[in-house]
Amino acid sequence: MNAELNGIITDIFPVESYGNFEKRVTWVKETDVQYPNHYAIEFHQNDVNILDSYKAGDIVKCKIDVRGRAYKTKDGKA
């Protein structure tokens, strides 16, 4: 599912390494709506460099991919 978020960058966290290959930066953003929400947006691998040109307080528009996985127990039930 694709979504678009408009808002203000509130925090940009340092790059973290998980294992040998995966790197992640978490970006928390406040939406520009009547009742604001905060969202954590993750950038992986080469995309972490996108955040180098942004800082807290910048107004942005983001198009994101929303992904999820079904949770199953050991007996295969959801």
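Reader: Is glutamine 45 buried, partly exposed or exposed?
Author: Glutamine 45 counts as partly exposed, because its relative accessibility is 38%. Buried means under 20% relative accessible area, exposed over 50%, and partly exposed in between, with a 1.4 Å probe and protein chains only. Please note that this is a predicted model, in which local features need pLDDT of at least 70 and side-chain atom pairs count only at pLDDT 80 or more, while totals for chains, interfaces and linings use all residues. Residues are numbered from 1 along each chain as its sequence is written, and side-chain values use heavy atoms, with hydrogens and water left out.

Reader: Where is glutamine 45 found, and what is its phi?
Author: Glutamine 45 is in the loop between strand 4 and strand 5. Its phi is near 55°, a positive value in a residue other than glycine.

Reader: How many helices and strands does the protein have?
Author: There are zero helices and five strands, so the order from the N terminus reads β-β-β-β-β. Helices (H or I, at least four residues) and strands (E, at least two) are DSSP runs, numbered from the N terminus.

Reader: What percentage of the residues count as buried?
Author: Of the 78 residues of the protein, 19% count as buried.

Reader: Which residues make up the largest nonpolar core?
Author: The core has ten residues: Leu5, Ile9, Val25, Trp27, Ile41, Phe43, Val48, Leu51, Val60 and Cys62. At least two of its residues come from each of strand 1 (2-12), strand 3 (22-31), strand 4 and strand 5. A nonpolar core is a set of buried Ala, Val, Leu, Ile, Met, Phe, Trp, Tyr and Cys residues joined through side-chain atoms within 4.5 Å.

Reader: Take valine 25: is it buried or exposed?
Author: Valine 25 is buried, because its relative accessible area is 2%. It belongs to strand 3. Leaving aside neighbours within four places in sequence, valine 25 is in contact (heavy atoms within 4.5 Å) with Ile12, Phe13, Pro14, Val15, Ile41, Glu42, Phe43, Val48 and Leu51.

Reader: Now aspartate 58. Where is its place?
Author: Aspartate 58 sits in the loop between strand 4 and strand 5. It counts as buried because its relative accessible area is 18%.

Reader: What does the side chain of aspartate 58 reach?
Author: That side chain reaches the backbone nitrogen of lysine 55 at 3.0 Å. This is a polar contact: a pair of N or O atoms within 3.5 Å where, within protein, one must be able to donate a hydrogen and the other to accept it, and residues adjacent in sequence count only if both atoms are side-chain atoms.

Reader: Which residues does aspartate 58 touch, not counting those up to four places away in sequence?
Author: They are Gly7, Ile8, Ile9 and Ser53. Aspartate 58 and isoleucine 8 are 50 residues apart along the chain, and their C-alpha atoms are separated by 5.6 Å.

Reader: And histidine 38, buried or exposed?
Author: Histidine 38 counts as exposed, because its relative accessibility is 52%. It is found in strand 4 and touches Thr10, Val28, Lys29 and Glu30, not counting residues up to four places away in sequence.

Reader: Changing topic, what is the volume of the largest pocket?
Author: The volume is about 570 Å³. Of the 18 lining residues, the closest to the centre are Ile41, Glu42, Phe43, Ile64 and Asp65. Strand 4 (38-44) and strand 5 (59-65) are the elements that give two or more residues to the lining.

Reader: How is a pocket defined here?
Author: On a 1 Å grid over the protein atoms alone, a pocket is an open set of points where a 1.4 Å probe fits, with protein on both sides within 12 Å along at least five of seven lines; lining residues have an atom within 4 Å of a point. Grid points are joined across faces, edges and corners, and a volume is the space filled by probe spheres set on the points.
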